[in-house]
Amino acid sequence: MIDFDEAVISDLARVAAVDHVRRRLPAQPIPLDAVARLAARLQRAPIGAVILVGGTEEYFVGAYGLPEPLTASRRAPLTYSVCKYVVGRNRPVSCGDMRRDHDGRLRDHPLAAEYGIRAFLGVPVHDAEGRPVGSLTVMDTAARRWTDGEITALVDSADLVRPAVAGPAELAVATLDTASLLDSVQEAFLAVNPDAIVVGFNRAAHDMLGYAPGEVCGRRLDDTVLPDYAGRPIRAALDRLFTHRPVRPVLREISVRHRDGHRVRVRVALSVVRGAAGPLACLFLNDLSEQTAIRELAERHDGFLTALLDSLNVGVIACDEAGRVVVVNRVLRELQGLPATAPLPEDYPASIDGVLHDPAMRPIPWEKIPLMRALRGEHLDDIDILTARPGDQVRVFASAAQPIRAGDGRPLGAVAVAQDVTAMRRAERFRACHRDVQEVLRTARSVAGAAPTVLRAVATALGWPYAELYLIDEPTGQLRSVGHWDAEGAQEDPLFGHTPVRGHGVTGRVWQSGQAMWVADVTASPELRHPYEQRREQAFMRRGIRTVLSVPIHDGATLVGVLTCYAAAPEVHEDLLTVLLDGVAAQIGVFVALRRAQELARQLARAQDDFITLVGHELRTPLTSIAANATLLDEDPTGLTGEDRQMVHAIARNTEALQMTIDSLLELAGLESGHLDMRVRQVDLTAIVGGAVTAAHRSTAGTGVRVHADLPPRLVVDGDPARLRQVVDGVLINALKYSPSGGDVRIRLQQAGNTAELCVIDSGIGTPEQERERVFDRFFRGSNVRHHGTSGSGLGLSLARAIVRLHHGTIHLSANDPSGTIACIRLPLRQETAPA
């Protein structure tokens, strides 16, 4: 039985932690959709999700393969949640088959009822305080047994989520507001310029000393808090501090004046930082009555401002009120190739000229980048900026920016942050790509016809200029190109249209191994040394190709082709791009398999119809001759003995049976091929069934089989009356034929919703369960019928099903306990007779 502690779910501290994690996720660098997809692939499950569980809802912060309604909103009520069981119990939880859950809680679960989920496995995800805030969960639409190894693998996968959920609080920084940042520091803080003027005073300082910021900022330090620096004026100590600029904070014990006049003994850490308007002395004050670890104070403030920015995994850039760039943190320095500690270029805007682009790849001039727009007063959020540097891949950054203002509203500068979302945007483009490919393949008649459009969609989603599709030619077994995409539109080039060599070259190696292959730089790969591969390398170099990714196309376990894509710059995200391209290859594989199966089915159907027609026509002529001569012999009053006449009767009887079989076979072929017309009109099904029952009464005279009918006064359908009578006669004759003497055959006709339901129930030998579908195949007869010795052609039920299907109905068999068979035919009613 699966249950959970609802008190854990509703715990206010845990719910607050979930909200905190959700606010922090936009700035984290780990693509959680990729984590969900990786977990699903490791468990060979179609669905994976990283889920946060709130008080009343759950949030899908990472998703792979989720049903569309859940993916669209990225949230669901807890009634749809299985993650709540993981969070409520704070340990791994699994279910192998929700439909067989004994207490009914999971059997009637909305995920099972609405989306067909059968099995799930989830492990908890914790925040920095160890609280369960969500789970990493995989789900399957088929029942399965989760092994200990799979549970362990999912627990290991959850470690990928922990840095995003439980990482440093600094990751939550989306914009850098200096005043808010300092107000968040627990220690009292003052910033003083070389003239001893207070220029910064945070909330903790107000709480400690009683002064409002407006009473201190802009005034001399010794006019307000009057610090006592070992009996000497503070101004001399500040001069020494600005002159020497110590590397580590200087620790001193001093007293400062509270607003109400009493002195407060504090431990102060003094350091000098360079601000937008020059050097500033930073004073961090700790009330000695609350001070417990002087060493921790020194370590905490060692390079505080610089360390804070460099610890972030998002890029941060700030400028002063004149638009001069004064802060570029580690992430952006690494992106631009700047030394970690060297001064910024004198003309910083010129150093990135032509690097920044909008989503349409139009260059963005310096005055229109988010930082400069924020300096003019704009507040920007989630603006995509693309970077394109020579020899590097195009990368996408989600940027936010806002102005920095003083307490009185004066502009002090602006700050912008940028998070690398290249992988996330690629995943989004590939979702659209999969939809486009699906639509193209849905209407395409051939792979070759669909290839250019499909390859263009794939290359556009990748942001790569070239792609080519190869399929294995069935007659020759060779891999041949069926289409390519060239963003440059070159007409003649040896890059495309060549015949791959099995086992050589990227495409040829995938052809041989059936495994995806990634080559980060084809011009420096130690693997590709064969002469053929070196010739291909020359073609790559002429086009400026650096990275190649090739994936196999399968139909089940059979390799049917290869999809190869080419990039013009060194690429990363190997695993992500391989998974994304595998998805497209799977779509193409299904399309190829479907088209080949359809073509094979058409060929088989044509061959079958041709054979039946040929055999039928070829047999009819000699059978007609045999029947005619047998009739003449039988009618000759002389020349035949009694034994001879019995032989002639046997010939006539078997000839007639063979003619009936051939007629049924040709009739069946004509119905299935559409060559025989249906004369559809409004008919009373009660009258048709009644006529068949009357005929059955006459035919059962002397057999001891009793026929019972339960028919409504009138039941109208659209149909061919002759064909419908043929179906009823065929099913009824079968029931009578296999019922024992003294047995009962019951016919029940009734309206069931929008259908007319005719059931013929006998008490005969029955039909084995595993053969109930096969008895509708041509010439198939049940094993118990063959052993029973009853004659028949095996075409009656085939013919009945063909006629019923042409009437848009169904026919199926089921058991009649303790013995016998129930044959049920359902036909759609006329619209006016259907219930309202």
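Trainee: Where is V273 found?

Mentor: V273 sits in strand 10, which covers residues 263–275. Keep in mind that this is a predicted model.

Trainee: Is V273 buried, exposed or partly exposed?

Mentor: V273 is partly exposed, with a relative accessible area of 25%.

Trainee: And how far apart are the C-alpha atoms of V273 and R245?

Mentor: They are separated by 8.4 Å, while the two residues are 28 residues apart along the chain.

Trainee: Okay, zooming out. How many helices and strands does the chain have?

Mentor: The secondary structure comes to 27 helices and 29 strands. The chain has 836 residues, and 47% of them count as buried.

Trainee: What share of the contacts join residues at least 24 apart?

Mentor: Taking contacts between residues at least 6 apart in sequence, 60% join residues at least 24 apart.

Trainee: Which elements have the lowest and the highest mean pLDDT?

Mentor: Helix 13, residues 294–300, has the lowest at 48. Helix 17, residues 370–375, has the highest at 94.

Trainee: New topic: the inside. Which residues of the largest nonpolar core touch the most other members?

Mentor: Those are L685, V689, L732, V745, I747 and I825, out of 43 residues in that core. Several elements supply at least two core residues each, including helix 23 (642–673), helix 24 (685–699), strand 26 (744–752) and strand 29 (821–828).

Trainee: Which helix gives the largest share?

Mentor: Helix 25 does, with seven residues.

Trainee: Why would nonpolar residues end up together like that?

Mentor: In soluble globular proteins, nonpolar side chains tend to be buried together.

Trainee: Back to I747. What does I747 touch?

Mentor: Leaving out residues up to four places away in sequence, I747 touches a list of residues that includes V689, V693, L711, L732, L758 and V760. H708 and D710 are among them too.

Trainee: What's in the second core?

Mentor: That core is separate and has 36 residues, including L455, W464, L580 and L581.

Trainee: Switching to charges. How many salt bridges does the structure hold?

Mentor: It holds 28. One of them joins E57 and R75, whose closest N and O atoms are 2.9 Å apart.

Trainee: Which parts does the pair of E57 and R75 tie together?

Mentor: E57 lies in strand 2 (residues 57–64) and R75 in strand 3 (residues 75–77), so the pair ties together parts that are 18 residues apart in sequence. E57 is partly exposed at 24% relative accessible area, and R75 is partly exposed as well at 35%.

Trainee: What about R425 and D382?

Mentor: Their side chains meet in a salt bridge at 3.6 Å, N to O. This one links distant parts of the chain, with R425 in helix 18 (residues 422–443) and D382 in strand 15 (residues 380–387), 43 residues apart. R425 is buried, with a relative accessible area of 14%, whereas D382 is partly exposed at 48%.

Trainee: And where do R714 and D684 lie?

Mentor: R714 lies in the loop between strand 24 (706–710) and strand 25 (716–719), and D684 in strand 23 (residues 681–684). Their side chains meet in a salt bridge at 4.0 Å, N to O. R714 is exposed at 53%, while D684 is buried at 18%.

Trainee: Which residues form a network of salt bridges?

Mentor: D33, R74 and R431 are linked in one.

Trainee: Which residues lie nearest the centre of the largest cavity?

Mentor: I317, L332, L356, I385 and A418, out of 21 residues that line it. The elements that each supply at least two lining residues include strand 12 (315–320), helix 15 (330–336), helix 17 and strand 15.

Technical notes. Residues are numbered from 1 along each chain as its sequence is written. This is a predicted model: local features need pLDDT of at least 70, side-chain atom pairs count only at pLDDT 80 or more; totals for chains, interfaces and linings use all residues. Side-chain values use heavy atoms; hydrogens and water are left out. pLDDT is the predictor's confidence in each residue, from 0 to 100. Helices (H or I, at least four residues) and strands (E, at least two) are DSSP runs, numbered from the N terminus. A nonpolar core is a set of buried Ala, Val, Leu, Ile, Met, Phe, Trp, Tyr and Cys residues joined through side-chain atoms within 4.5 Å. Buried means under 20% relative accessible area, exposed over 50%, partly exposed in between (1.4 Å probe, protein chains only). Contact means heavy atoms within 4.5 Å. On a 1 Å grid over the protein atoms alone, a cavity is a set of points where a 1.4 Å probe fits but cannot get out, and a pocket is an open set with protein on both sides within 12 Å along at least five of seven lines; lining residues have an atom within 4 Å of a point.
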